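Welcome! Take a look at the sequence and the 3D structure below, and keep them beside you as you read.

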Amino acid sequence: MQKNGAKIEKDVVLYYNNPAGYIRDGKAVVDPLFQTEELSAFLNRQKDIAEVKWTDGVYDRLVNGQRDHLEAPLLKKCRVWQLKPESDVRMRFISLDEFAKGYGLPQMADYQTVYDGEVETNDLEALYTKFNVAHPTGYAGHSLSMSDVLELYDENGSTFHYCDRFGFVKIQFQPPAQTQAMQL
């Protein structure tokens, strides 16, 4: 029996028969387009839902036939790293090969985070377009270009991708090793 306009069918959250979200691993992932007190209350009453996450783009993916969400990986969060203002200007806007020849591999200490948030895709090329054409709220950097680093992360870890001349190159991007003084 449907209470109000919300129901769940085959792990898809329907709100007045619109695919508003899906259930996965005890989490309801729902498009904020449908964020109402009625739907929130309905989801919070469900015993098999431990968390509700409001994520842009869910409705679009579901209506475009991407209902195989249970096999698709959950979206990761994204950080954009750009060189700090005080870094050597010659490090900017160069390929990874040029960077490595002149300065070694990119080091986190030379970079700062200019964006940290949720994005609607894990596709690097789509993110490149997003950070060039339609900067999201909270984006504090220049348009994405060579020498910038995209980080995709979740609770399982991070992957780092250097924006190169053509596309992205996966890199190791860690904070500089810290030395600890041994006490005798």
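## Val80 and the cores

Let's begin with Val80, which touches Gln112, Thr113, Val114, Tyr115, Phe131, Tyr139, Leu144, Val149 and Leu150, not counting residues up to four places away in sequence. Touching, or contact, means heavy atoms within 4.5 Å. A word on the source: this is a predicted model, where local features need pLDDT of at least 70, side-chain atom pairs count only at pLDDT 80 or more, and totals for chains, interfaces and linings use all residues. Residues are numbered from 1 along each chain as its sequence is written, and side-chain values use heavy atoms, with hydrogens and water left out.

Val80 also belongs to the largest nonpolar core, which has 14 residues; those with the most contacts inside it are Cys78, Val80, Leu127, Phe131, Tyr139, Leu144 and Leu150. At least two residues of this core come from each of strand 6 (77-83), strand 7 (111-118), helix 4 (124-133) and strand 8. Helix 4 gives the largest share, 3 residues. Apart from this core lies another, of 13 residues, among them Leu83, Ile94, Tyr111 and Ile171.

A nonpolar core is a set of buried Ala, Val, Leu, Ile, Met, Phe, Trp, Tyr and Cys residues joined through side-chain atoms within 4.5 Å. Buried means under 20% relative accessible area, exposed over 50%, and partly exposed in between (1.4 Å probe, protein chains only). Helices (H or I, at least four residues) and strands (E, at least two) are DSSP runs, numbered from the N terminus.

Val149 is found in strand 8 (residues 149-154). Is Val149 buried or exposed? Val149 counts as buried because its relative accessibility is 0%. Leaving aside neighbours within four places in sequence, its contacts include Val80, Trp81, Tyr111, Phe160 and Ile171. The C-alpha atoms of Val149 and Phe168 are separated by 8.8 Å, and these residues lie 19 residues apart along the chain.

Strand 3 (residues 18-24) has 6 of its 7 residues buried, so it is largely enclosed by the rest of the structure. Strand 3 pairs with strand 2 (residues 12-15) in the antiparallel sense over 4 bridges, and strand 3 and strand 4 pair in the antiparallel sense over 4 bridges too. Strands pair if DSSP finds at least two bridges between them.

Tyr22 of strand 3 stands opposite Val12, and its bridge partner in strand 4 is Val29. The hairpin of strand 2 and strand 3 has 2 residues between the strands, and there Tyr16 takes a positive phi near 50 degrees. In the hairpin of strand 3 and strand 4, with 2 residues between the strands, Asp25 takes a positive phi near 50 degrees.

Asp31 is found in the loop between strand 4 (27-30) and helix 1 (37-45). The side chain of Asp31 does reach the backbone nitrogen of Val58 at 3.2 Å.

## The whole chain

The chain has 4 helices and 10 strands. Of its 184 residues, 39% count as buried.

Definitions and conventions. Polar contact = N/O pair within 3.5 Å; in protein donor to acceptor, adjacent residues only side chain to side chain.
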